[in-house]
Amino acid sequence: MFSPSLIAMMVHSLGSQGLSPDRPTSPLPPMRFHQTKMGELADFLSTGVKTRATGWPVIPISGRTTREVKKLEDQAQQTFGSTAATDGGFFFWARVPLHHLVNLFASWYGLSAHVEYVDLGTPVRALGSGSTYDQECQRLLNQSAAPNAATVGAAIVDMGDLSSGGPDSYGGMLRHTVSSGVELSQHAEQVLSVLLQRLAPVLRNTTVSCALVKPPSRPIVVGRSCFDQACTPEMQTAMQALATQLANDGLPAAVNLSLGTHVGPHNGLSPLEQYVANTLITTDRYVVAAAGNDGGTGCAAKRTMIADEPETFGLRSGVSCEELLVEFWWDDATAKDVEVVADVYEIVQGGAMSNLATLTIDQTSAGMLTTTPVGLPGSMATHSLFSAKCQNNFRCAAFALSSGMPGQKLPLLHVQFKLTAKRDVTINSWIVIAEKNPCLTAFVEGGHEGSICVPASDPSVLSVAGLLSTGKMWTGSSRGPSAEYDAAGTSAGSPHMAHLADLGGGVFGTSFASPRACGDAVATLNSSKLSKCTSALTLLNETYQLGKLPWNPRFGYHKAK
């Protein structure tokens, strides 16, 4: 099956011509696709691509299948990146032209998520500070070990910048798995310097690797601008190369991963999260993932629903927003009759709001689509809401909004989401796609629970929060998985740990807490404690002796340094 977010971006990538070929500037009447008749949606997409002769948008995808990847490649008419899953089946990733992607959907939309699940490959973003850490990296890497002399490994997966040459290897002491056409980004230099500083006591025994996520070599000509940068497929290609290098080293290791994406249920079940667990994690190799919350910019929200009591989310778009994608996730096994209503308003002069569209989706609906004139010259705004049960008991609803012409900005918008359910349920939400940095699109009200900012909560992934140098929680920090705690402070979800997030010079971020935890993990793996480390929890206990640290129900165990 295809995820609701992927379906939404396929629809929005058709453009106004694909949506209404005979009247490209006229609004479509509201269209509702029934949950039990997904063929309606397949027919709609197939008809849309037939009206378009050239200029196919390319959409990044990431998925998992129990079938042979070759079948998918043949129908998509291109080669995918792929690797076998340890428990059977295959992971795959690629950038696929829209018409081939529609053909895949029309042929295989009836497959269950257990057989095949194809998700949207979302943009990878990393924030930098403007500072240079190059000299510090050089000084510390000079102290590190060559692979044949090392007893432990450390690695980072982070953003790269396009380059006509290759990345700096610092005299061969930083071992790159992506070695041409890319260089260390500012963010990667910062993360690397923090990791190396933390590794200082064991650097003489540590070999250091780097997998740079390489942006596309040239801008896309057509399609949504949000994919005109490194996305999930490029990240998976970098991780695949790193996994090979680490396997050849044969050393215990810890990998710092700047995840940079908000797609999926954030419970370890998305294709990307499963790929990380399958590819990078072994019995003596661990991953510290900085999934973060983009500096507390309001990219996530949460509501604990009481039966028959409506709850609301408010969202404001930024001035540079061209397309918007929001995901809602909830456990469908405990929920009953969840309904999502999206009211879209344009913010006009003086702050008044003009209603453009209302979309409603419930358990009987697969999706709803409409286009509405919003004063854009010769263009339309497309609104859609799609829903499906995607991962085990988890259901996703994906709301998307885009200008009719790629590259054209949307007006300032306010979207009011109203949620209702017939049974108590917790609903989590993430802004998956909005404008590039600076991203000003955000949820404008966090409620009494505040925003939830969740790294992957698979038990084999360390979740890291951020502290200030005072030991107080950094307000923009990730707070770990959405888990319940009992009175004794025992987590029912993934273990997590708070770490110093202050890089200095007014620069904060979970990106700088994560490599500290990674460095500490490497030191433990290089000690006699290695034999006691059989899981993320035991690694945490051996590294930090959690029972001796303060515990807080908001962000778990913590220490300032």
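View 1. R95 is buried, at 16% relative accessibility; buried means under 20% relative accessible area, exposed over 50%, and partly exposed in between (1.4 Å probe, protein chains only). The model is predicted: local features need pLDDT of at least 70 and side-chain atom pairs pLDDT 80 or more, while totals for chains, interfaces and linings use all residues. Residues are numbered from 1 along each chain as its sequence is written, and side-chain values use heavy atoms, with hydrogens and water left out. R95 and E234 form a salt bridge (a side-chain nitrogen of Lys or Arg within 4 Å of a carboxyl oxygen of Asp or Glu), with the closest N and O atoms 2.7 Å apart. The pair links distant parts of the chain, 139 residues apart: E234 in helix α7 (residues 232–249) and R95 in strand β4. E234 is buried, with a relative accessible area of 16%.

**View 2. Salt bridge between R64 and D87.** The N to O distance of this salt bridge is 2.2 Å. R64 lies in strand β2 (residues 58–65), and D87 in the loop between β3 (81–84) and β4 (90–97). R64 counts as buried because its relative accessibility is 18%, whereas D87 is exposed at 58%.

**View 3. Salt bridge between K70 and D74.** The closest N and O atoms of K70 and D74 are 2.7 Å apart. Both residues lie in helix α3 (residues 69–76), four residues apart, about one turn of the helix. Helices (H or I, at least four residues) and strands (E, at least two) are DSSP runs, numbered from the N terminus. D74 is partly exposed, with a relative accessible area of 46%.
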